[in-house]
Structures are given as C-alpha cells and as structure tokens.
Amino acid sequence: MATGRLTERDPAADYRRDRRRLVERLRDRGVSDLAVLHAFDSVPRHAFVPDVMRARAYEDVPLPIGRGQTISSPTIHALSLEYAEIRPGHRVLEVGTGAGFQTALLAALGAAVYSIERIASLYEAAARRLDRLGVDARLMHGDGSRGWPKHAPFQAIIVGAAAARPPEALFRQLADGGRLIVPVGTRRQELRRYTRRGDDFARETITGARFVPLIQDGPRGEGPE
Ligand code: SAH
C-alpha cells in the first residue's frame with residue numbers, strides 16, 4: 001500500500017543513523033584516530049550480532065555471540081585499534097576472531113589480517129559471514145595463544161581474551177617496534193599495550209577491562225610481566 005510505505009521504517013537508514021551516533025560517542029570517549037572512526041562508520045556491526053540483538057548493535061556495550069562468548073564493546077575495540085596504530089599494509093594478528101567484527105575493522109583499516117579462533121562453530125560462522133560481506137582476511141581454527149609463526153613477524157597483535165600473563169609466543173612474533181594489545185588478569189583485568197624495542201617490551205595500561213578468559217591448550221609459555 002502506497003500510504004503504508006511512507007510510515008514504514010527504513011532499517012538501513014536507522015542503522016546508518018545509529019552508526020553515526022556511535023562514532024560521535026567514540027570521539028567523546030577520546031578515540032581520535034580518524035581512520036579508526038571511519039572504519040566504525042563503514043563496518044555494519046549489526047551484521048555481527050545475533051538477530052535478536054540487532055536493535056542494540058550500535059550501543060556501546062558488549063553483546064553475546066553464542067558459546068558463552070561476547071563481542072567486545074565498541075569503545076574497547078576502538079581503543080585496541082587506536083593503540084595498535086594500524087596502518088595500511090601492516091601485518092596484523094588477531095587472537096579470538098569471535099564474530100569477526102574487529103576482523104572486519106582491521107581489514108577496513110587496510111591491514112593484512114590473520115585471525116585465529118579456538119571455537120570451531122564460531123570460526124565457521126565468522127568465516128561465512130566475512131566471506132559474505134566481502135572482507136579479506138586469513139582465518140584459522142586453533143589456539144591463538146601460540147600465535148601464527150608462519151606469518152610472523154606482525155606489526156601488531158590484538159588479543160580478545162584475557163590470561164593471567166600474556167602468552168610468550170606472542171611477544172616473540174612481534175616485529176621490532178610492533179605493538180601487542182592484550183587484556184591481562186583474571187577477575188580484575190586491564191587492557192595493556194606492550195611495544196617491542198629489540199628485546200625490551202615497554203608496557204602501558206590502556207584501560208580497565210572485562211574480557212572472556214583465553215582458552216589455552218598446551219603448556220603455557222608466559223611472557224614478561
Ligand atoms: N573481537 C571479537 C570478540 C572476541 S571474544 C569480535 O569482534 O567479535 C573472544 C574470542 O576469543 C572468543 O570467540 C573466544 O572463543 C576466543 N578465544 C579464546 N581463547 C582463544 C584462543 N586461545 N585462541 C583463539 N581464540 C580464542
């Protein structure tokens with residue numbers, strides 16, 4: 001009915017408007033890297049959350065993605081990306097693909113993306129989703145705490161799950177000058193950045209955080225404090 005059409009919601013326009021608002025909020029929260037803000041404006045977060053959560057896709061909150069896992073809040077993803085200083089052509093390792101939202105942000109930033117997910121069903125769903133959206137990234141099902149030695153060294157490594165100590169392999173696979181963004185702690189956690197200078201790793205705290213635990217299979221090599 002022609003008259004009905006005028007009052008119908010246009011979900012695409014609603015999502016666009018919500019996305020704009022989210023970008024404003026990220027700016028208010030101190031995210032200043034324009035490329036990161038632009039990536040948030042271009043990647044449809046609603047395509048990465050379960051259907052029943054779509055109305056909340058552009059709120060600045062973590063959301064469940066199944067198997068007890070969550071997609072981090074937009075602020076956490078934005079800070080991780082800003083501190084990782086992603087530039088086009090950088091080789092970037094992501095540990096914990098989850099729904100693949102941050103994977104898509106990394107690709108939008110022009111990185112060569114390598115992403116590892118431990119849970120097979122999440123890995124498969126993310127692979128299908130990213131393929132459908134035309135996102136270019138190399139994905140692997142496995143334990144990301146061992147890194148991906150074949151493609152190292154990485155200019156940046158971003159870990160989406162927390163351990164008491166960051167896995168040692170990730171420090172080894174960081175390029176000189178490279179940045180490791182990792183949540184550390186069990187109950188009380190902080191998101192840290194380690195920057196490699198030769199064999200030294202300068203440590204900074206980005207913010208307090210609450211991530212799901214990192215699942216580690218084998219013997220745990222642990223890195224510096
Ligand atoms: N940033 C993601 C969400 C990360 S949630 C997104 O945008 O959706 C953290 C993810 O890390 C979960 O999917 C969990 O299954 C995964 N994970 C936990 N331990 C892991 C490990 N050792 N290796 C790879 N992935 C792991």
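The mean positions of the 35 positive and 28 negative charges of the protein lie 2 Å apart. Here Lys and Arg count as positive and Asp and Glu as negative, while His and the chain ends are left out; each charge is placed at NZ of Lys, CZ of Arg, CG of Asp or CD of Glu. The model is predicted, with pLDDT of at least 70 needed for local features and 80 or more for side-chain atom pairs, whereas totals for chains, interfaces and linings use all residues. Residues are numbered from 1 along each chain as its sequence is written, and side-chain values rest on heavy atoms, without hydrogens and water.

The C-alpha atoms fill a box of roughly 70 × 35 × 35 Å along the principal axes. Buried residues (under 20% relative accessible area, with a 1.4 Å probe and protein chains only) account for 50% of the 225 residues.

As for secondary structure, the protein has seven helices and nine strands; these are DSSP runs, with at least four residues (H or I) for a helix and at least two (E) for a strand, numbered from the N terminus. Strands S8 (residues 189-197) and S9 (residues 200-209) run antiparallel and are joined by nine bridges, where pairing requires at least two DSSP bridges. Arginine 192 stands opposite threonine 205 in S9. Two residues separate the strands of this hairpin, and glycine 198 takes a positive phi near 65° there.
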